[in-house]
Amino acid sequence: MMLKPQEIIEKSLNEYKLGLSKGKRDEVIKYLDYYSGTETDKYIRRYFDSDAFQEIPQYQANITKKFINKMSRLYTVGAKRNVNKAYDKLTEKKNFKMKHIEKMTKLLGSLAVGVFYEEHNAKQHFHYVPVYYFMPFFDEDMFEPYAITYPNFQPVDDPYNTSKMTYSYYDSERYIKFDQDGNILEEVINESGIFPFCFFHREEQIDSFFVEGANDIVSANEHINITMTEMQLGLRYQMFGQPVASGVMADQNIARAGSNEILMLGDGGKFEIVSPQGNIDAVIENIKLQLELVALNNHLYITFSDTGGEVPSGIALKIKDVERMEDYQDDKELFRVFEHFLYEKEHEIATYNQINLPSPDKFKIDFFDVEYPMTIQDQILQDNFELEHNLTTEPEILIRSNKDLSFDDAVAKIAENKEINDMLMGSFVDEEDLVTEEPKEEEEPIKEPEEDKKIPKGHHMHEDGTIMANEDM
């Protein structure tokens, strides 16, 4: 049957899109395996087909997780959303979930995040579901999907579960669950009319919806595993050597002889052990170079244990970390946009469930700044300066050291501590230690000596001190 040109074009495009979809799925699975350190040896096994490499296991280092976690520090440092108390109760676990979402965005490049409203034990909350591999569907805007499909999680740890792979389809009108053969297993009307997915990207999209993930980190991880496997085999050969025999009987087919094998040597036969020469230090330096290059490409730096040196101060770290700090500021602006999109979905879902939240244009989020180590004296000086100029408060300083406290809790805690301290300080002072002044005796006024009274002529002084005339006697 001859196909029409239109049918040929449609078929070739479908096959092309199917190939892209399968390649994207395999890429996501590979990145997740390297991040979790799950069976990464299967990705380098094809490079070691010779019998010699069967004597050692493939090396499985995991630098991917270390790099991704170091690059993702927005929600590790912390974020605060200024909405209301009802929202705080709905999103008690949001920062915890956002830490994982940020890491997966850095790893995979693009991530779908579903927002769902749930009630458990009369407690309401939002549930955030990251979807690692998904297929978006577009209408006119190639950067804004109206629907997605994605594979559902399967209970792979259940040895008795033999159910087929299932998939989910979501849009603003319906939810459909179907199997790998396309049979619809469940269909539910989306009564809220809300498409509950937001899309996070590692960086701004260019000419495609999907953004490239941490391919450089995964590739470096793969090369290091290959190099380390070869180095381990070289060490084995250097330690035990390669047995070499000449004059072996022709009917013996031995590729590599072990200590439990007997070789039959003919006349003039010779047996010896040869150790191949290799520069292990050069291999180690090559691995360090690969690590430093991939770190530099992601605004990171590496310090190896053999470099030594003094512990750098906070100022030195800040100067060294300037490029990474600039990248952190870019991430703050990018994720502030994603957080706003996410809140729009939360607001729509909350309104449908008769929960009052402020309008999206009033939503604000504050990403905390990275704090570099300071000496205790410098920290005290800075805190005193900020308190003196009303740049901070005592509750905010307490929250900095105990992020589990709310502002009201911190105020109450400081008041409680002050009351206890005042009470304890009063009880520590004994009455005997109090300095008391003894009452002073009242001093009698000192009488000024009276001047001698002169007795006029013809007078005399009486016994009572009065002066009387002589004629009065």
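Leaving aside residues up to four places away in sequence, Thr 91 touches Phe 126, Tyr 128 and Glu 346, where contact means heavy atoms within 4.5 Å. This is a predicted model, in which local features need pLDDT of at least 70, side-chain atom pairs count only at pLDDT 80 or more, and totals for chains, interfaces and linings use all residues. Residues are numbered from 1 along each chain as its sequence is written, and side-chain values use heavy atoms, with hydrogens and water left out.

Thr 91 sits in the loop between helix H4 (85–90) and helix H5 (94–108); helices are DSSP runs of H or I, at least four residues, numbered from the N terminus. Is Thr 91 buried or exposed? Thr 91 counts as buried, because its relative accessibility is 10%; the cut-offs are under 20% for buried and over 50% for exposed, with a 1.4 Å probe and protein chains only.

Next, helix H2, residues 64–71. Its buried residues are Thr 64, Phe 67, Ile 68 and Met 71. They line one face of H2, because seen down the axis they fall within an arc of 95 degrees, taken from the directions from the helix axis to the C-beta atoms.

The largest cavity has a volume of about 70 Å³, the space filled by probe spheres set on the points. H2 and helix H9 (322–352) each give two or more residues to its lining, and H9 gives the largest share, four residues.

Note on methods
1 Å grid on protein atoms, 1.4 Å probe; cavity = no way out; pocket = protein on both sides within 12 Å on 5 of 7 lines; lining within 4 Å.
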